Amino acid sequence: MNRSVPALAVACLAALTACGGGGGPENSTGEPRPSATRSEQAAPAERLAGLMVTPAEVKGFAVKPYDNEFALATASSEMTADKPACAPLALALNQLPLGEPQADLTRVLAPESQGLNGTQTYVTLTSYATGGAKAVLADVKKAVDACGDGFTAEGGNGSTVYDAVTAQDVTPAGEETVGFTATTSYQGVSHTVHAQAVRAGDVVAVFFAADGMAMVNGRTSDAKLPPAVVKAQSSKLG
């Protein structure tokens, strides 16, 4: 059974609730996740924590930890795509690190004024050894070109069918960047999500925007990335 869009919608709503205030306990994705032992990778993890955008740098947005309870997969090793060339997009669209990361960290942002309606923006920072970040951006660019006809992402908690992927012109950021949209549908209603990957040195930032409330309520959606968030985070990586 395809649990894709309901899972995505619930995940978005859970994140939005977290953004509503009060905060909650940190979970496995609430702090940098080192790929090796914490002692071996303390420096990359701490560095990402310092590089992540803060509420003071994106005024009007709440910034909260990402809760992966309803995620399609909770680790990159659990995520696959029916078309191998599209695997990088499956990871990017599900807040999972690409390639061979040293550490990664995800936060969820939402405008403080939107209440329970509107777009949630996920920011995932990942650090790599020398050359790793360049390889990741190259893989994403190849995947966008190869997956125009769509693909299916499969994880331990279900699957998501993306009907189409389209390259998108985005404002230059970092040392290199690539943007794209993906469309999916639920109960006959189409939803468009936007994503952008930015590389600055050996760090990659992946931005992803979705409107979970629209999915739940059966409204079509086209969740665009907030320029202020992308600019602030990219500048901080700079």
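Glu176 and Arg199 form a salt bridge in this predicted model, with their closest N and O atoms 2.6 Å apart; a salt bridge is taken here as a side-chain nitrogen of Lys or Arg within 4 Å of a carboxyl oxygen of Asp or Glu. Because Glu176 lies in strand β9 (residues 176-186) and Arg199 in strand β10 (residues 189-200), the pair ties together parts that are 23 residues apart in sequence. Helices (H or I, at least four residues) and strands (E, at least two) are DSSP runs, numbered from the N terminus. Arg199 counts as buried, at 6% relative accessibility; buried means under 20% relative accessible area, exposed over 50%, and partly exposed in between (1.4 Å probe, protein chains only).

The model is predicted, and local features need pLDDT of at least 70, side-chain atom pairs count only at pLDDT 80 or more, and totals for chains, interfaces and linings use all residues. Residues are numbered from 1 along each chain as its sequence is written, and side-chain values use heavy atoms, with hydrogens and water left out.

**Salt bridges**

Side chains of opposite charge can pair when their charged atoms come close. Six salt bridges are found in a search of the whole structure. Glu176 also forms a salt bridge with Lys141. Lys141 belongs to helix α4 (residues 132-146), so its pairing with Glu176 ties together parts 35 residues apart in sequence. Lys141 is partly exposed, at 31% relative accessibility. Through salt bridges that share partners, Lys141, Glu175, Glu176 and Arg199 are joined into one network.

A further salt bridge joins the side chains of Glu57 and Lys236. This pair links distant parts of the chain, 179 residues apart: Glu57 is in the loop between α2 (42-51) and β2 (61-65), and Lys236 is in helix α6 (residues 227-237). Glu57 is partly exposed, with a relative accessible area of 37%, and Lys236 is partly exposed as well, at 25%.

| Glu176 | Arg199 | 2.6 Å |

**Disulfide**

The search of the whole structure finds one disulfide, defined as a pair of cysteine sulfur atoms within 2.5 Å. Cys86 and Cys147 form this link, with their sulfur atoms 2.0 Å apart. The torsion about their S-S bond is about -115 degrees, so the disulfide is left-handed. Cys86 lies in the loop between β3 (80-81) and α3 (87-92), and Cys147 in the loop between α4 and β6 (151-155), so the pair ties together parts that are 61 residues apart in sequence. Cys86 is buried at 1% relative accessibility, and Cys147 is buried with a relative accessible area of 0%.

**Sheet and nonpolar cores**

An open sheet is formed by three strands in the order β3-β6-β7, with antiparallel pairing; two strands pair if DSSP finds at least two bridges between them. Its edge strands, β3 and β7 (158-162), each pair on one side only. β6 and β7 run antiparallel and are joined by five bridges. Gly155 stands opposite Gly158 in β7.

In soluble globular proteins, nonpolar side chains tend to be buried together. A nonpolar core is a set of buried Ala, Val, Leu, Ile, Met, Phe, Trp, Tyr and Cys residues joined through side-chain atoms within 4.5 Å. The largest such core has 39 residues, of which Met79, Leu89, Leu93, Phe151, Val165 and Phe180 touch the most other members. At least two residues of this core come from each of α3, α4, β6, β9, β10 and β11 (203-210), and α4 gives the largest share, six residues. With contact meaning heavy atoms within 4.5 Å, and residues up to four places away in sequence not counted, Phe151 touches residues including Cys86, Leu89, Leu93 and Val165. A second, separate core of 26 residues includes Met52, Leu105, Ala205 and Leu225.

Leu51 lies in helix α2 and is buried, with a relative accessible area of 15%. Leaving aside residues up to four places away in sequence, Leu51 touches Leu125, Val203, Gln233, Lys236 and Leu237. The C-alpha atoms of Leu51 and Leu125 are separated by 8.3 Å, although the two residues are 74 residues apart along the chain.

**Whole chain**

The secondary structure comes to six helices and twelve strands. Of the 238 residues in the chain, 53% are buried. Among contacts with a separation of 6 or more, 66% are between residues 24 or more positions apart.
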